[in-house]
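Thanks for passing this one along. Here are my notes, in numbered points, to read beside the structure.

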Amino acid sequence: MVRFATIGTNWITEAFIDAARLVDSFELAAVYSRTDETAKRFADKVGAPRTFTDLQKLAESRDIDAVYIASPNAFHAEQAICLMNHGKHVLCEKPLASNAKEVKAMIDAAEQNGVVLMEAMKSTLMPNFEAIRQHIHKLGRIRRYVASYCQYSSRYDAYKQGTVLNAFNPALSNGALMDLGVYCLYPMVVLFGKPKSLKAQSLKLESGVDGEGTIVVDYGEMDGIVFYSKIANSYLPAEIQGEEGSMIIDAIHTPAKAEICYRDGRVEDITVPQDKPPMYYEAQEFIRLIENGERESAINSHRYSLWTIELMDEARRQTGIVFPADQR
């Protein structure tokens, strides 16, 4: 069994635990929170036998093999590096850290300590993303990638009333790009590599984070367009346009259906069965790496995580979004 602790007591941690329990060798051994009351309440809710409120004690524990981190983005690097320096494998929520400098430090810590570090980008490990990768050659020469993730945040109403919750707080390295835009950029990088350049624009809110934005990337013979927002909804599918046909993907952040529309009018459904919760596949991959003695996923790799955060850093530079973490 791979004995897990979790950091973060929100809905996403609970969703991860529910999905990971479907992997035979997953064992929830502990949960961490900064306060004893919150830790115990969450432990009772998810059935964890042990709690931690001291990160150093969690790192030093011999009863923990791996840690899933779902704390605010600004804490990812510090927590992950501390844990990896004590031999813990780390599965860290997206984005992996606040900026490229932090991601590089995390990768260095993973390599120096011989542990697994993987970004918990669920979409690129789902069966239908693998179907996309297997069939993309049928499109001929690729000319454009279009992806959108726009979702009106439940916390935006509070923001408009003057209450800045975590989702719109730059001190926590948050905002639309970090929360949702990453879901559009990461799959693009996995499929096509790092683009030559990008141009970005965004709506900067008074709190200092972006409410929505658009990024256009240049690959030379193809381009990419990414839309993201936490202040409006979108119902657009993703599309990969090729000279022989275009692939339509229902949702780039959680791909469940994909089809190819060919120039001659044929439509090929390439969807594959996906009978597990979306986060199951990232847990399965992470545990497989640990059990096989591998140090890095071929899909959610260190390189792809670094390239993605470098694109996000450049987009923030162009649009004037600065986090306190950038000054460290």
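Leaving aside its neighbours within four places in sequence, which residues is S123 in contact with? I take that up in the first point; please keep in mind throughout that this is a predicted model.

1. **S123 and its surroundings.** You will find S123 in the loop between β6 and α6 (127–135). With neighbours within four places in sequence set aside, the residues in contact with S123 are F129, P187, I252, H253, T254 and P255. The relative accessibility of S123 is 0%, so this residue counts as buried, the cut-off being under 20%.

2. **Helix α4.** This helix covers residues 76–84, and seven of its nine residues are buried, so α4 is largely enclosed by the rest of the structure. The buried residues are H76, A77, Q79, A80, C82, L83 and M84. Their packing partners include four strands by name, β1 (2–7), β4 (66–69), β5 (89–93) and β6 (117–120). On the helical side, the buried residues of α4 pack against α3 (55–60) and α5.

3. **Geometry of α5 and α10.** Two packed helices are described by the angle between their axes and the distance between the axes. For α5 (residues 100–113) and α10 (residues 302–319), the axes come within 9 Å and cross at roughly 165 degrees. Because angles over 145 degrees count as roughly antiparallel, α5 is roughly antiparallel to α10. The crossing of α5 past α10 is left-handed.

4. **Residues between α5 and α10.** From α5, the contact is made by A100, V103, K104, I107, A110 and E111. On the α10 side, H302, L306, I309, E310 and D313 take part. Sorted by class, this contact has six nonpolar residues, one polar residue and four charged residues.

5. **The overall fold.** Stepping back, the protein has ten helices and 14 strands. Its radius of gyration is 20 Å, close to the 20 Å that the globule rule gives for 328 residues, so the protein is as compact as a globular protein of that length. Along the principal axes, the C-alpha atoms fill a box of roughly 60 × 45 × 35 Å.

6. Of the 328 residues in the protein, 56% are buried. Among contacts with a separation of 6 or more, 68% are between residues 24 or more positions apart.

Terms used:
Residues are numbered from 1 along each chain as its sequence is written. This is a predicted model: local features need pLDDT of at least 70, side-chain atom pairs count only at pLDDT 80 or more; totals for chains, interfaces and linings use all residues. Side-chain values use heavy atoms; hydrogens and water are left out. Axes are lines fitted to C-alpha atoms, for helices over the stretch in contact, and angles run from 0 to 180 degrees between N-to-C directions. Helices (H or I, at least four residues) and strands (E, at least two) are DSSP runs, numbered from the N terminus. Angles under 35 degrees count as roughly parallel, over 145 as roughly antiparallel, 65 to 115 as roughly perpendicular and the rest as oblique. A crossing is left-handed if the near helix is turned anticlockwise from the far one by less than a right angle, and right-handed if clockwise. Contact means heavy atoms within 4.5 Å. Ala, Val, Leu, Ile, Met, Phe, Trp, Tyr, Cys and Pro count as nonpolar, Asp, Glu, Lys and Arg as charged, and the others, Gly among them, as polar. Buried means under 20% relative accessible area, exposed over 50%, partly exposed in between (1.4 Å probe, protein chains only). The radius of gyration is taken over C-alpha atoms; the globule rule is 2.2 Å times the number of residues to the power 0.38.
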